[in-house]
Amino acid sequence: MSLTLAIIKPDAVASGSAGKIIAHLEEGGFEVHALRMTRLSLAQAREFYAAHSERPFYDSLVEFMTSGPVIPMVLEADDAVPALRGAIGATDPADAAEGTVRNLYAESKERNAIHASDSDENARAEIGFFFSTHERLGLSG
C-alpha cells in the first residue's frame, strides 16, 4: 500500500460533484487518510504549480485553482500513484476512458475536476504541502 495526493478542483466543488468523486474513488479501492476543504491563495497556487511556471497554461491554471475552494486529500491504495492516475483518466475529458473521474465530472481540459500526483516523490512533497506533520502521523506510505 502507498499514498498519493488528489485535489478536487474548484469546478468540481462548485458543481456539487465532490462527494460523488470521493465516493467513486472509495468504491475504486482508495482509502481516504486525510481530507480538508481550503482555498488556495495566489502565492500558494504559484508555489504548488511552480514546476509549470514556464508553460503557457501556468497563469490560467493558477487563476483557476484560486477561483474557489479545493479539497486536497491523501489516498491509500496498492500502487496509489498509477492507480489514481488511471482512475481519474486523461487530462482532457474527451480523451478520458469511460467511467473515469474526468469522463464523468470534468468540464474541459482546463476545468478537469481533479489533480493527481504524478510520481511517488511528488506525492510525498504534495502531501507535505497540504498536510502538517501532525496531520500525517500514522500515515503508512
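Biologist: Which exposed residues sit on the face of α7 turned away from its buried side?

Modeller: Those are E121, R124 and A125. Keep in mind that this is a predicted model.

Biologist: OK, and which residues of α7 are buried?

Modeller: A123, E126, I127 and F130. They span an arc of only 105° around the axis, so they end up on the same side of α7.

Biologist: Why do residues three or four places apart point the same way in an α-helix?

Modeller: Because an α-helix has 3.6 residues a turn.

Biologist: Switching to pockets. What volume does the largest pocket have?

Modeller: About 820 Å³. Its lining is made up of 29 residues.

Biologist: Which of them lie nearest the centre of the largest pocket?

Modeller: Y49, H52, F57, L61 and H115.

Biologist: And which element gives the most to that lining?

Modeller: α7 again, with 4 residues. Elements that each supply at least two include α3 (42-48), α4 (58-65), α5 (80-88) and β4 (114-116).

Biologist: How do the lining residues divide into nonpolar, polar and charged?

Modeller: There are 12 nonpolar, 8 polar and 9 charged residues in the lining of the largest pocket.

Biologist: Now the start of the chain. Is S2 buried or exposed?

Modeller: S2 counts as buried, because its relative accessibility is 17% and the cut-off for buried is under 20%. S2 belongs to strand β1, residues 2-8.

Biologist: What lies 2.9 Å from a polar atom of the S2 side chain?

Modeller: The backbone nitrogen of A80. As for where A80 falls, α5 covers 80-88.

Key. Residues numbered from 1 in each chain as written. Predicted model: local features only at pLDDT ≥ 70, side-chain atom pairs only at ≥ 80, totals over all residues. Heavy atoms only, no water. Buried < 20%, exposed > 50% of the residue type's maximum accessible area, 1.4 Å probe, protein only. Polar contact = N/O pair within 3.5 Å; in protein donor to acceptor, adjacent residues only side chain to side chain. 1 Å grid on protein atoms, 1.4 Å probe; cavity = no way out; pocket = protein on both sides within 12 Å on 5 of 7 lines; lining within 4 Å. Points joined across faces, edges and corners; volume = space filled by probe spheres on them. Nonpolar A, V, L, I, M, F, W, Y, C, P; charged D, E, K, R; others polar. Arc of directions from axis to C-beta.
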